[in-house]
Amino acid sequence: MTGTLAYDIDFALEAPGIITQAGEIAFALETWNSSPTSAALVEGLDVTVTGPITTSGDAGTGILVGIMASAFADSGPVSAFVGPVSIVQHGVITTNGTDSDGIAIDAMAIADAPGGIATASAAGIEVAVDTIHTTGERAPALNINATIAAHGQAGSTATAPSVTVSTTGTLSATGTDAHAINVNIVPDGTNATLIDGDITVDVGAGSALFGGSGDGRAIHITRGDAIVISNRGAISALSGVAVEATGATLSFSNHGSIAGDVRLDAGEVDFTNHYGAAFHTHLGVHLGIDGTLANAGLISPGGPDTIATTTITGNIAQLASGSLAVDIDWTGLSDRIIVTGAATLADTIVVTPHSFPVTPASSPVLILSANAGITDDGITATDTATTDYTLTIADGRPKSAAANSGMASKPCSASMVLSVVAMAA
């Protein structure tokens with residue numbers, strides 16, 4: 001016997017005014033089957049919302065979408081499947097209470113066969129969002145959750161859905177522990193093979209993501225197979241941690257601006273700060289086991305006019321078009337980058353002085369160290385009309401542009417010091 005609920009729902013809300021309520025607008029599909037050999041199928045859900053939505057009060061989610069399939073049998077085989085979910089949002093959603101998500105999506109497929117094989121799976125989740133503002137505690141602007149569980153004998157499988165998110169407007173979640181985008185996809189099971197889904201987040205040009213304080217993030221992804229994040233807008237969080245993601249592999253391309261830490265935890269991490277992009281770090285950048293931050297744009301510890309120390313857990317490779325912006329107060333304070341792996345450095349260091357040394361001889365300041373060594377690819381400090389700089393590696397070898405001419409790149413000791421060699425009277 002097979003139980004099937006197969007609906008494709010197309011919904012369009014065109015609100016001429018503002019919907020004000022303490023609850024939410026909800027769409028849900030659910031089916032379950034408990035026959036000796038059972039299957040439960042929910043085929044799909046397609047929602048389009050146009051127009052402003054405002055909610056007030058706690059647990060006042062703007063749009064709540066739920067889809068669930070459950071199948072149970074003692075001997076099996078059993079299967080549970082939920083079809084694709086597509087959400088398109090235009091206009092503005094505003095919520096103001098605790099636990100009041102802007103858009104919440106919950107997908108669940110549960111197959112339970114203690115004496116047989118259980119199969120649970122879900123098709124893709126695609127979300128395109130415009131503008132969402134939340135202010136409450138634990139109130140993400142976009143919250144995507146999926147639980148895919150298979151409990152059975154050996155040979156059972158739980159396959160998580162792929163997730164694709166694209167943004168065109170502003171997603172701000174300014175409350176404590178609130179994420180602008182939260183993706184929490186969990187395959188689970190007993191005697192089951194767990195298969196993670198791919199996750200793609202595309203922050204469009206002109207878009208902006210703001211995460212909250214506490215543990216709030218602009219982008220938060222708890223688990224995935226191949227995770228791909230692309231930013232052409234602006235990403236930041238009140239917590240100081242802009243992005244946190246865990247997956248098998250992680251690729252992050254920044255073409256816009258990031259303010260805050262980036263924590264990428266995966267066996268393979270590829271993080272590129274592209275030409276024209278700006279990365280204003282906070283306390284640290286985590287790049288998995290042995291990942292590399294490739295910088296072709298601008299990296300500034302702490303951001304402009306702020307003196308800060310940033311730790312890069314992994315490696316850094318500054319490319320020919322890249323630059324490090326360093327704030328220095330020659331009373332003893334300066335931006336500093338600590339690299340736990342290796343540093344390969346090309347192009348320039350741009351200095352913003354907050355004061356000047358009494359004499360050039362009193363000026364040396366440590367600006368970068370690398371535990372696994374520094375490779376010189378022609379890094380120089382940019383002179384100004386009033387000040388000439390030089391870079392010196394730990395063995396004392398000068399690294400002015402003239403000294404670097406014709407010099408072969410080679411690893412050197414793991415520290416780099418900036419000094420003033422001449423100042424205008």
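Me: How many bridges join strand 11 (residues 92-95) to strand 15 (residues 131-134), and which way do the two run?

Reply: Start with the terms: strands (E, at least two residues) and helices (H or I, at least four) are DSSP runs, numbered from the N terminus. Two strands pair if DSSP finds at least two bridges between them. Here, strands 11 and 15 run parallel and are joined by four bridges. As one example, valine 92 has threonine 131 in strand 15 as its bridge partner. Keep in mind that this is a predicted model, where local features need pLDDT of at least 70 and side-chain atom pairs 80 or more, while totals for chains, interfaces and linings use all residues. Numbering starts from 1 along each chain as its sequence is written, and side-chain values use heavy atoms, leaving out hydrogens and water.

Me: Which bridge partner does threonine 134 have in strand 18?

Reply: That's alanine 173. Strand 15 runs parallel to strand 18 (residues 170-173), with three bridges joining them.

Me: And how many aromatic pairs does a search of the whole structure find?

Reply: Rings of Phe, Tyr and Trp (its six-membered ring) pair if their centres lie within 6.5 Å; planes under 30 degrees apart are stacked, over 60 edge-to-face, the rest tilted. The search turns up three pairs. One of them, phenylalanine 252 with phenylalanine 271, is stacked, at 4.8 Å centre to centre with 5° between the planes. This pair links distant parts of the chain, 19 residues apart: phenylalanine 252 sits in strand 25 (residues 249-254) and phenylalanine 271 in strand 27 (residues 268-273).

Me: Is phenylalanine 252 buried or exposed?

Reply: Buried means under 20% relative accessible area, exposed over 50%, partly exposed in between (1.4 Å probe, protein chains only). Phenylalanine 252 is buried at 1%, and phenylalanine 271 is buried at 0%. Along with Phe279, Phe252 and Phe271 form one aromatic cluster.
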